[in-house]
Amino acid sequence: MTTQEPNGQPHDALFRLVFSDPDNAASELRSVLPPRLAAHIDLANLQPQPGTFVDPELRHLHTDLLFRTTAGDRNAYLYLLVEHQRTSDPLMALRMMIYQTRIWEHHRTADPTTASTGPLPLIIPIVIYQGPRRWTAATDIAGLIDADTELKADAGDLMPRVRYFLDDLTTIDDVALRARPLTPAARITFVVFTKAPGDADVTTWLGQWFDDFIHLTGLWNHERLLNAIFTYLLKTSTTPTEHLIRFAGTLGPTAQEAAVTTAEQLHAKGFIEGRAEGREEGQAEGRAEGQALGQASLLTDMLAVKFGTLDNDTHDRVAHATQEQITLWSSRLVQGVETLDEVFRS
């Protein structure tokens with residue numbers, strides 16, 4: 001099953017799937033929050049809250065998750081927002097202040113006993129940024145106020161101070177990422193967020209995270225996780241599909257099947273058709289030929305996974321097929337035919 005993308009961004013499906021799991025979210029919070037603050041917060045009992053607090057017109061740029069917990073013996077909220085823009089959002093401090101106000105309103109509505117007189121809970125907001133260049137925007141609303149230094153000092157407490165924690169993934173190298181107390185699912189998500197977009201072949205570095213991938217294959221929801229990760233890799237990079245399937249094969253049959261299934265689904269939807277060889281040809285005729293070769297290679301890999309080792313006649317038949325034949329045979333395979341004869345029937 002392909003993970004749904006609520007606002008059309010491949011980041012969202014992967015982020016929501018991984019970090020809506022309280023264990024994965026807690027591992028990120030332990031990585032980012034100051035230890036003394038984290039010690040007050042019950043990170044072992046995060047309760048996911050429904051909905052989003054992001055403005056509708058910005059949901060293609062921001063994805064958010066809200067968790068309710070306690071700090072000491074009092075209510076508290078932890079708010080995670082991932083920023084999909086390729087550059088810093090100069091108004092993020094203002095947006096986060098607005099989102100926190102909405103969370104307080106949500107709290108008051110959800111708990112009528114505190115609607116009129118109850119205290120407001122602590123909200124700890126965190127922005128996760130994955131762009132290619134470092135974050136430069138203000139992390140405190142005070143940094144957006146148009147006043148000189150002397151005026152700000154004289155205004156004193158009139159100057160609002162509402163800040164958020166920033167997890168700028170562009171500043172985290174592989175060594176630092178490995179040192180974080182992240183779950184394997186959270187770490188792999190951050191790895192692919194930072195390395196995959198625009199990459200010509202992600203398999204050149206995926207093997208460096210082999211142990212984390214192996215751990216994923218043993219989780220109860222490994223199929224959904226692997227599907228979401230492979231979907232993200234194929235949608236955001238230009239990696240030849242057969243390369244990713246071969247890498248998945250090193251993780252075991254479960255991972256390879258997930259890669260093949262993902263490739264089938266994306267191929268059927270037209271996302272990855274003929275990408276590898278087609279990319280390498282410099283002229284229109286060459287691109288068309290490369291596209292056909294890419295489709296044939298993908299179909300051969302999918303047939304081998306589903307039906308076992310293919311004989312030479314089958315390899316030759318696919319290699320010399322027309323684009324129309326390959327498209328037809330791929331469609332039949334995706335539809336769930338049970339034999340090779342059904343794939344190739346006239």
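## Sheet, cores and side-chain pairs in a predicted model

Strands β2 and β3 form a hairpin with 2 residues between them, and Gly-72 in the turn has a positive phi of about 70 degrees. Strands and helices here are DSSP runs numbered from the N terminus, with at least two residues (E) for a strand and at least four (H or I) for a helix. This is a predicted model, in which local features need pLDDT of at least 70 and side-chain atom pairs count only at pLDDT 80 or more, while totals for chains, interfaces and linings use all residues. Residues are numbered from 1 along each chain as its sequence is written, and side-chain values use heavy atoms, with hydrogens and water left out.

**The sheet**

Strand β2 (residues 62-71) and strand β3 (residues 74-83) run antiparallel and are joined by 10 bridges. Two strands are taken as paired if DSSP finds at least two bridges between them. Along this pairing, His-62 has Glu-83 of β3 as its bridge partner, and Thr-69 has Ala-76. On to β4, strand β3 runs parallel, with 8 bridges; Tyr-77 stands opposite Ile-123 in β4.

Strand β3 is mostly covered, with 8 of its 10 residues buried. Buried means under 20% relative accessible area, exposed over 50%, and partly exposed in between (1.4 Å probe, protein chains only).

**Nonpolar cores**

A nonpolar core is a set of buried Ala, Val, Leu, Ile, Met, Phe, Trp, Tyr and Cys residues joined through side-chain atoms within 4.5 Å. The largest one has 75 residues, and the members that touch the most others are Leu-33, Leu-78, Val-192, Trp-205, Phe-213 and Leu-233. Helix α10 (residues 222-236) gives the most to this core, with 8 residues. A second, separate core of 20 residues includes Val-54, Leu-66, Trp-135 and Tyr-164.

Leaving aside residues up to four places away in sequence, Leu-78 touches Leu-29, Leu-33, Ile-41, Leu-43, Leu-46, Leu-65, Leu-66, Phe-67, Thr-69 and Ile-124. Contact means heavy atoms within 4.5 Å.

**Salt bridges**

A salt bridge is counted where a side-chain nitrogen of Lys or Arg lies within 4 Å of a carboxyl oxygen of Asp or Glu. By this rule the count comes to 10. Three of them are tabulated.

| Pair | Closest N and O atoms |
|---|---|
| Asp-89 and Arg-95 | 2.7 Å |
| Asp-167 and Arg-180 | 2.7 Å |

Glu-28, Asp-167 and Arg-180 are linked in a network of salt bridges. In the pair of Asp-167 and Arg-180, Asp-167 is in strand β5, 13 residues from Arg-180. The relative accessibility is 3% for Asp-167 and 13% for Arg-180. Asp-89 is also buried, with a relative accessible area of 4%.

**Aromatic pairs**

Rings of Phe, Tyr and Trp (its six-membered ring) pair if their centres lie within 6.5 Å; planes under 30 degrees apart count as stacked, over 60 as edge-to-face and the rest as tilted. The structure holds 8 such pairs. One of them joins Tyr-79 and Tyr-99, with ring centres 6.3 Å apart and planes at 75 degrees, so the pair is edge-to-face. Tyr-79 is in strand β3 and Tyr-99 in helix α4 (residues 92-110), 20 residues apart; both Tyr-79 and Tyr-99 are buried.

The pair of Tyr-129 and Trp-135 is also edge-to-face, with centres 4.9 Å apart and planes at 65 degrees. The relative accessible area is 0% for Tyr-129 and 9% for Trp-135. Phe-15, Phe-19 and Phe-190 are linked into a cluster by ring pairs.
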